[in-house]
Amino acid sequence: MSEEATSLPAGQRQTLRRSLLPGLAALACALVLPQFANAYVLEVATTALLYVVLCLGLNIVVGYAGLLDLGYAAFFAVGAYTTGILTAEFGFNFWLSIPVSMVAACVAGIIIGAPTLRLRSDYLAIVTLGFGEIVRIIARNLDITGGASGLVGIERPEVFGFKLMQVQHFYYAFLVLALLTIFVCLSVERSRMGRAWFYVRYDEDAAAGIGINRVSAKLQAYMMGAVIASVAGCLYAAKMTAISPESFTFNQSLLILLGVVLGGMGRIPGVVLGAILVALLPEVLRGAGTYRPLVTAVALLAIMLFRPNGLWPDKRV
Amino acid sequence: MVASFKRLACATALAGLVMTTMANAADIKIGIVAPMTGQLASEGQDMENAVKMAIDAANAKGGVNGDKIATITADDACDPQQAVTAGSKLVSEGVTAIVGGYCSGAVLPTLKIYGDAGVPFVIIGANSTKLVAANQGNAFLANSTGDMQATTAVELFKKNGYKKIAVIDEGDAYSSDLAKLTAEAFKNAGGEIAARETTTAGEQDYSAVVTKVKSSGADAVFWTAYHAGGALLTKQLRQAGFQGGIVLGDGNNSPEYLEIAGSAGEGVYLLSPPTVDLLSGAADFKAKYKAAYGRDAGAYAALSHDVGDLIVDAMARAKSADQKAIVAALKASDFKGLAGEIKFTDKNTLQTSNFHPVVAKGGKWVAAE
């Protein structure tokens with residue numbers, strides 16, 4: 001790690017140091033929030049953190065590797081349903097269900113990714129869109145996934161004998177997950193793999209020309225995104241205690257993608273900001289009543305109009 | 001440019017804040033949770049209006065136990081995630097009780113929130129049987145559950161002499177529950193299920209389903225989902241020359257069904273919750289509703305109004321705004337409203353089914369003989 005850090009160009013090292021302070025300030029705010037907020041604010045903040053994790057995961061696929069994925073909610077569903085089925089139907093411990101979910105997401109990622117990642121952007125988008133719908137429809141029709149009503153009575157996780165019950169417990173759980181995800185993203189962004197993704201995103205042929213195996217680079221990005229979404233899904237299932245296919249629609253995939261694009265593809269603070277906005281905007285506008293979707297849409301359009309590269313874009317673009 | 005954008009953003013955010021804080025500072029707050037946006041916004045609006053009417057009437061008589069009642073509406077958009085935030089918003093605002101809930105999938109994850117907070121919750125529309133199992137004792141189903149509707153459906157099929165039925169749902173919790181239960185009940189009663197199909201919400205073209213229904217030789221189609229899809233399916237079935245009967249689940253009970261289906265809707269049966277038009281004592285309510293909101297009262301208006309009255313009645317009998325006392329009072333309810341009798345079983349479901357078949361005649365729903 002230290003070797004990696006010192007090998008950074010001076011400019012980047014400076015950026016890193018400059019973003020450290022605001023980052024720590026934001027973290028401090030996030031840590032003390034439950035002291036001041038009521039259950040509703042915490043519920044919304046937890047949703048925002050869930051979207052931070054999901055958007056960061058999708059950012060690896062879309063932002064770093066440049067693969068347009070329209071079915072990302074499928075991996076979220078794989079995680080949620082794996083935890084749901086294992087804990088509610090087979091009495092597994094919640095924590096044991098996480099590695100199983102990660103493996104399941106990896107397998108799903110390979111099944112869908114290996115044959116399709118040879119495709120270029122538009123075709124890949126169509127295949128992933130189909131994949132997202134397939135997963136949702138399978139979940140809706142199998143008995144083991146509870147059919148259309150979904151699963152109820154999902155086990156609440158325990159940490160050293162302490163059971164996560166209240167919304168603030170889940171808030172902290174999601175905060176830890178979000179921090180872990182940010183850490184993972186920061187590390188891979190500056191790794192050999194991250195640079196390979198960056199080249200693939202710019203020019204696949206040139207990347208292949210300098211010796212990058214473009215299919216395996218893309219597959220790695222796809223699987224890493226899948227694993228992050230599945231872990232988010234595990235925690236989501238535990239928090240909701242009841243999951244149904246309605247949570248994993250095409251709209252959900254779009255919303256996650258919206259967070260990535262809105263914030264600024266490929267840039268971690270941008271994506272975090274975008275994710276928070278996607279979760280917050282509908283809640284802030286609750287007072288607008290039935291005009292809520294309209295006002296949300298206008299606000300989003302305005303952002304895209306004035307900040308076409310996202311609110312906090314990647315300067316390398 | 002950037003400055004003007006910032007101003008716009010601030011203005012929008014402020015407008016939102018001002019509107020949220022407008023909820024009045026009365027003594028007792030009742031939360032209404034319903035789909036105010038999205039495909040089912042029309043039903044949600046009806047629920048809100050009708051509950052408010054009941055509360056306003058109670059306030060005009062001096063409120064309950066000397067306190068005025070205010071309502072707070074929270075939009076769940078029939079989405080599980082939004083329902084959870086809407087629900088916890090109501091709980092955080094300190095509501096005494098909550099009424100509403102249309103989509104079972106969205107109501108299910110909220111039961112825990114209301115249960116943990118001990119808030120009395122009367123569910124108006126949602127009626128999946130899974131709600132009964134997930135109930136922590138504070139929730140009450142004011143609508144008949146799906147199995148009760150299945151019984152009414154099978155009775156109608158037998159009366160009309162249908163022998164082979166095609167059952168079609170939209171794949172969500174509510175409609176597939178109803179489809180499954182009805183198919184089982186009809187098979188047990190000696191009937192045959194000719195086809196069992198699932199469509200996608202928001203679909204426009206039902207030709208694949210229509211073809212399957214026609215080739216299956218079904219005497220009748222039973223559509224268990226909502227009016228938007230039901231109206232299109234009816235139209236396309238009739239356009240394709242399907243002559244058999246069409247029976248609709250209670251999710252189709254909306255004036256919009258007849259508007260969209262037009263002449264194709266003629267002769268279609270509907271398993272209706274007590275609709276305003278068909279209730280003898282509801283003419284006065286109907287006129288008042290139209291005068292107050294400038295639109296006809298929809299399917300769940302009468303039941304929503306009853307639930308509004310029921311919660312006021314329960315608070316009066318509890319003689320306090322104590323939530324445990326209200327839950328106990330609700331359990332002991334013996335209430336006669338516009339839509340019929342509300343008495344709860346020990347599982348907090350209705351004792352008697354409130355479904356009854358109606359038929360479309362001359363662009364209107366009338367009671368089926």
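Reader: Let us start with confidence: what ipTM does the predictor give the complex?

Author: Please keep in mind that this is a predicted model. The predictor gives the complex a pTM of 0.79, and its ipTM is 0.81.

Reader: Over which residues of chain B is the pLDDT below 50?

Author: Chain B has a mean pLDDT of 87, and 92% of its residues reach 70 or more. One stretch falls below 50 and has 14 contacts in the model beyond near neighbours in sequence. Where pLDDT is low, the predicted coordinates should not be read in detail. The stretch to treat this way in chain B, with pLDDT below 50, is residues 12-25.

Reader: Which element gives the largest share of the side of chain A that touches chain B?

Author: The contact draws 33 residues from chain A and 36 residues from chain B. On the chain A side, the elements giving two or more residues are helix H3 (39-64), helix H12 (268-284) and helix H13 (292-306). By class, that side has 16 nonpolar, 11 polar and six charged residues. The largest share of it, six residues, comes from H13(A).

Reader: How far apart do the C-alpha centres of the two domains of chain B lie?

Author: The assignment for chain B places domain 1 at 26-144 + 282-342 and domain 2 at 146-272. Their C-alpha centres are separated by 29 Å.

Reader: Which elements give two or more residues to the side of domain 1 of chain B that touches domain 2 of chain B?

Author: Domain 1 and domain 2 of chain B bring 13 residues each to their contact. By class, the domain 1 side has two nonpolar, nine polar and two charged residues. The elements that give two or more residues to that side are helix H2 (41-60) and helix H4 (104-107) of chain B.

Reader: Now the sheets: why is one side of S2 and S5 of chain B left without a neighbour in the sheet?

Author: Five strands of chain B form an open sheet with parallel pairing, in the order S2-S1-S3-S4-S5. Its twist averages 20° from one strand to the next. Strand S2 (69-75) and strand S5 (139-141) of chain B have a side without a neighbour in the sheet because each stands at an edge, with a single partner strand.

Reader: Which are the edge strands of the seven-strand sheet of chain B?

Author: This open sheet has mixed pairing and the order S7-S6-S8-S9-S10-S13-S14. The twist averages 25° from one strand to the next. Pairing on one side only, the edge strands are strand S7 (192-198) and strand S14 (364-367) of chain B.

Reader: What angle does helix H8 of chain B make with S6(B)?

Author: Two helices of chain B pack on this sheet, H7 and H8. Helix H7 (residues 146-160) touches S6, S8, S9, S10 and S13 of chain B, and its direction makes about 150° with that of S10(B). Helix H8 (residues 173-188) touches S6, S7 and S8 of chain B, and its direction makes with that of S6(B) an angle of about 165°.

Definitions and conventions
Residues are numbered from 1 along each chain as its sequence is written. Chains are lettered from A and ligands numbered from 1 in the order in which they are written. This is a predicted model: local features need pLDDT of at least 70, side-chain atom pairs count only at pLDDT 80 or more; totals for chains, interfaces and linings use all residues. Two residues are in contact if their C-beta atoms, placed from the backbone, lie within 7 Å. Helices (H or I, at least four residues) and strands (E, at least two) are DSSP runs, numbered from the N terminus. Ala, Val, Leu, Ile, Met, Phe, Trp, Tyr, Cys and Pro count as nonpolar, Asp, Glu, Lys and Arg as charged, and the others, Gly among them, as polar. pLDDT is the predictor's confidence in each residue, from 0 to 100. Domain bounds come from an automatic or database domain assignment. Two strands pair if DSSP finds at least two bridges between them. Axes are lines fitted to C-alpha atoms, for helices over the stretch in contact, and angles run from 0 to 180 degrees between N-to-C directions.
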